[in-house]
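This briefing is for a reader who has the sequence and coordinates open. Please read the points alongside the model.

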Amino acid sequence: MTTTPQPASRSERIATAIGIALLATGAATLLLSIGFDLRGFGGGFVQGAGIGAMLVGTYLWGFGNGTRRARRRQWLPSRGTVE
């Protein structure tokens with residue numbers, strides 16, 4: 001069984017783009033905060049914000065990718081009685 005790829009909807013593309021942007025921004029924030037050797041509450045806050053942005057970005061990227069793949073028809077096992 002072959003399926004034709006469905007074009008991604010606008011909301012899926014937006015979620016994926018925001019996810020990638022947040023992942024890149026979070027990684028840059030984390031690396032800059034480590035590179036500038038920020039200390040104390042502010043340094044921890046910036047590092048935590050960078051890690052949080054990366055986590056949210058990863059989630060959104062996966063969400064956009066997963067909703068696109070879920071629309072494809074997939075093989076399901078038989079639902080009949082077992083012989």
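Predicted model: local features only at pLDDT ≥ 70, side-chain atom pairs only at ≥ 80, totals over all residues.

Residues are numbered from 1 along each chain as its sequence is written, and side-chain values use heavy atoms, with hydrogens and water left out. The chain has 2 helices and 0 strands; helices (H or I, at least four residues) and strands (E, at least two) are DSSP runs, numbered from the N terminus.

**Whole chain**

- Of the 83 residues in the chain, 14% are buried, where buried means under 20% relative accessible area, exposed over 50%, and partly exposed in between (1.4 Å probe, protein chains only).
- The accessible surface is about 6,600 Å², and carbon and sulfur atoms hold 66% of that area; areas come from the Shrake-Rupley method with a 1.4 Å probe, and for residues only the protein chains shown count as cover.
- Among contacts in the chain with a separation of 6 or more, 82% are between residues 24 or more positions apart; contact means heavy atoms within 4.5 Å.

**Helix H1**

- H1 covers residues 10-35.
- With 26 residues, H1 reaches 37 Å from its first C-alpha to its last, close to the 38 Å expected at 1.5 Å a residue; the expected span is 1.5 Å times one less than the number of residues.
- The buried residues of H1 are Glu-12, Ala-15, Thr-16, Gly-19, Gly-26, Leu-30 and Ser-33.
- An α-helix has 3.6 residues a turn, so residues three or four places apart point the same way.

- Thr-16, a residue of H1, reaches the backbone oxygen of Glu-12 with its side chain at 2.8 Å. A polar contact is a pair of N or O atoms within 3.5 Å; within protein, one must be able to donate a hydrogen and the other to accept it, and residues adjacent in sequence count only if both atoms are side-chain atoms.
- Leaving aside neighbours within four places in sequence, Thr-16 is in contact with Leu-60, Trp-61, Gly-64 and Asn-65.
- Ala-24 is also placed in H1 and is partly exposed, at a relative accessible area of 49%.
- Thr-29 is partly exposed because its relative accessible area is 26%. Not counting residues up to four places away in sequence, Thr-29 touches Val-46 and Gly-50. Thr-29 and Met-54 are 25 residues apart in sequence and 9.6 Å apart in space, C-alpha to C-alpha.
- Leu-30 counts as buried because its relative accessibility is 17%. The C-alpha atoms of Leu-30 and Gly-50 are 4.9 Å apart, although the two residues are 20 apart along the chain. Beyond neighbours within four places in sequence, Leu-30 is in contact with Gln-47, Gly-50, Ile-51 and Met-54.
- Ser-33 is buried, with a relative accessible area of 2%, and its side chain reaches the backbone oxygen of Leu-30 at 2.8 Å. Not counting residues up to four places away in sequence, Ser-33 touches Leu-38, Val-46 and Gln-47.

**Loop between the helices**

- Phe-36 is in the loop between H1 and helix H2 (40-70), and is exposed because its relative accessible area is 62%.
- Leu-32, Phe-36 and Leu-38 form a nonpolar patch on the surface, with about 330 Å² of accessible area together. Patches are made of residues with over 30% relative accessible area and no salt bridge, with like charges joined within 9 Å and nonpolar side chains (Val, Leu, Ile, Met, Phe, Trp, Tyr) within 5 Å.
- Asp-37 lies in the loop between H1 and H2 and is partly exposed, at a relative accessible area of 44%. Asp-37 has a positive phi of about 55° although it is not a glycine.

**Salt bridge**

- The structure holds 1 salt bridge, defined as a side-chain nitrogen of Lys or Arg within 4 Å of a carboxyl oxygen of Asp or Glu.
- Arg-39 forms a salt bridge with Asp-37, and the closest N and O atoms are 2.9 Å apart.
- Side chains of opposite charge can pair when their charged atoms come close.
- Arg-39 is exposed, with a relative accessible area of 67%.
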